[in-house]
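Could you take me on a walk through this model, telling me what to select at each stop?

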Amino acid sequence: MANPIISRTTLMTGAVAMSIRGVIAKSAFLLTLAAVAGFGVFFYALSIGVSSSMLHIMAVVAVFAGMGLGLASTLKPNLAKTLAVPYALTEGVLLGSFSLIMYRFYPTVPLSALSATFITAAVMLTLYTTGMIKVSEKFRSIITSAVIAIGILYLVQLGFRLFGSSLPLLFDGGLVAIGFSVFVTLIASFSLLLDFDNIEKGAAFGVAREYEWVYSIGILSTLVWMYIEFLRLIGYLQSE
């Protein structure tokens, strides 16, 4: 992915090299863990009637905790194995809390977003493995730049939200917000291609096995981002 979890990691070779199969297995494990945590948070919070304001707080805390854990795994790859499970659980809290927020407004959105995420991931994998889309340096540069710009916008928006406001047009619904959400969803989807390419290159270069956890955290990060963006996009569309 064009995110710091993978693209800013300094890779090192080791006595035992990573494998694509190893990354797949670890990614599946972390994804399952995040999904279980997400469902747990969703149904428990729903059953006891956790307020929307508390859900927003949980989501914000999960975002910052996930950023911290992801950054730590990037800077200290030898800790990635230890940090992977807490990271997956943190992402599960984000998934569960944000899904419930959307569910209270639009009950069908979470399931639609989940379906869209897995279908898109399968399509991206097919496009990559068949060579229909090549991850060139230009493609990588464009997607990486877009991700950085989007990340900055999101941090600014989060700052506005803390003071009860919002960036005009981009996050308040309407045609401009829908168009922006479509753009971000496409960038998130294309970022998955960069993940696949990074993993393939890492295996080819004989990168140390410990980096399987770093790459797996990156894959989970991208999938969670895609799901959140689909939640927002489908929510906007249903509100029109």
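Start by selecting phenylalanine 190: with a relative accessible area of 26%, this residue is partly exposed (buried is under 20%, exposed is over 50%, and partly exposed lies in between, with a 1.4 Å probe and protein chains only). Before you go further, note that this is a predicted model, in which local features need pLDDT of at least 70 and side-chain atom pairs count only at pLDDT 80 or more, while totals for chains, interfaces and linings use all residues. Numbering runs from 1 along each chain as its sequence is written, and side-chain values use heavy atoms, leaving out hydrogens and water.

(Rings of Phe, Tyr and Trp, the last by its six-membered ring, pair if their centres lie within 6.5 Å; planes under 30 degrees apart are stacked, over 60 edge-to-face, and the rest tilted.) The pair links distant parts of the chain, 51 residues apart: phenylalanine 139 sits in helix 6 (residues 137-162) and phenylalanine 190 in helix 7 (residues 175-204). Helices here are DSSP runs of H or I with at least four residues, numbered from the N terminus.

How many aromatic pairs does a search of the whole structure find? There are seven. For another one, select phenylalanine 105 and tyrosine 106: their ring centres are 6.2 Å apart and their planes are at 40°, so the pair is tilted. Phenylalanine 105 is exposed at 60% relative accessibility, whereas tyrosine 106 is partly exposed at 21%. Then show Phe39, Phe42, Phe43 and Tyr103, a cluster linked by ring pairs.

Next, go to the largest nonpolar core, whose 68 residues include Leu192 and Leu231, the two that touch the most other members. Such a core is a set of buried Ala, Val, Leu, Ile, Met, Phe, Trp, Tyr and Cys residues joined through side-chain atoms within 4.5 Å. Helix 8 gives the largest share of this core, 18 residues. Centre on leucine 192 and, leaving aside neighbours within four places in sequence, you will find contacts (heavy atoms within 4.5 Å) with Ala121, Met124, Ile219, Thr222, Leu223 and Met226.

Last, select leucine 46, found in helix 2 and partly exposed with a relative accessible area of 35%.

Definitions and conventions. Helices (H or I, at least four residues) and strands (E, at least two) are DSSP runs, numbered from the N terminus.
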